[in-house]
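User: Please take a close look at the salt bridges in this model and at the parts of the chain they join.

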Amino acid sequence: MFDDWKLTTFFLCCYGIFKEIRPSEPFLTEYLISNHTGVTEEQVYHDVYPVCTYSYLAILFLVFLVTDLAKYKPVIVLEGFAYILTWVLLLWGNGLAAMQSMQVSYGLATSTEVAYFTYIYASVSGDINVKRKNNQISIFLLQDNITKR
């Protein structure tokens, strides 16, 4: 029915669509400074948001090394678990430490996207990459239109 590369592309595209649907992202600051998290506005801007930037930078170097050693699939699975951990901490975490941990897990999730995008092209031969690239671009445009804010 499907060639191996088509099935892999289909699953990667579905994963890409579902991981990019983040309807609450435009309202994150408003949620963080509300009474749900126990964090003040000053803490959000000075203690929570910078953690994501620095954790992303630090973890990115490790992700490059781990991706080369463990290949792509474990890192993509780690990305999925990091997104789940981000949501769990965001929804049920309370206090500054929990929100900083949430930003570290989000930094981990966004830094492992490198493995996702690289695996799309590394798993097939060169002549099929043009077809796959066209499929991926159309899926990225579709997910961008679906998740428009």
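Analyst: A residue is called buried under 20% relative accessible area, exposed over 50% and partly exposed in between, using a 1.4 Å probe and protein chains only. By that rule Glu79 is buried, at a relative accessible area of 0%. The model is predicted: local features need pLDDT of at least 70, side-chain atom pairs count only at pLDDT 80 or more, and totals for chains, interfaces and linings use all residues. Residues are numbered from 1 along each chain as its sequence is written, and side-chain values use heavy atoms, with hydrogens and water left out.

Two salt bridges turn up in a search of the whole structure; the term requires a side-chain nitrogen of Lys or Arg within 4 Å of a carboxyl oxygen of Asp or Glu. In one, Glu79 pairs with Lys19, with 3.5 Å between the closest N and O atoms. This pair links distant parts of the chain, 60 residues apart: Glu79 is in helix H4 and Lys19 in helix H1 (residues 4-20). Helices here are DSSP runs of H or I with at least four residues, numbered from the N terminus.

Lys19 is also buried, with a relative accessible area of 7%. Its side chain meets that of Glu113 in a salt bridge of 3.1 Å, N to O. Here the partners are 94 residues apart, Lys19 in helix H1 and Glu113 in helix H6 (residues 113-122). Glu113 is buried, as Lys19 is.

How values were computed
Helices (H or I, at least four residues) and strands (E, at least two) are DSSP runs, numbered from the N terminus.
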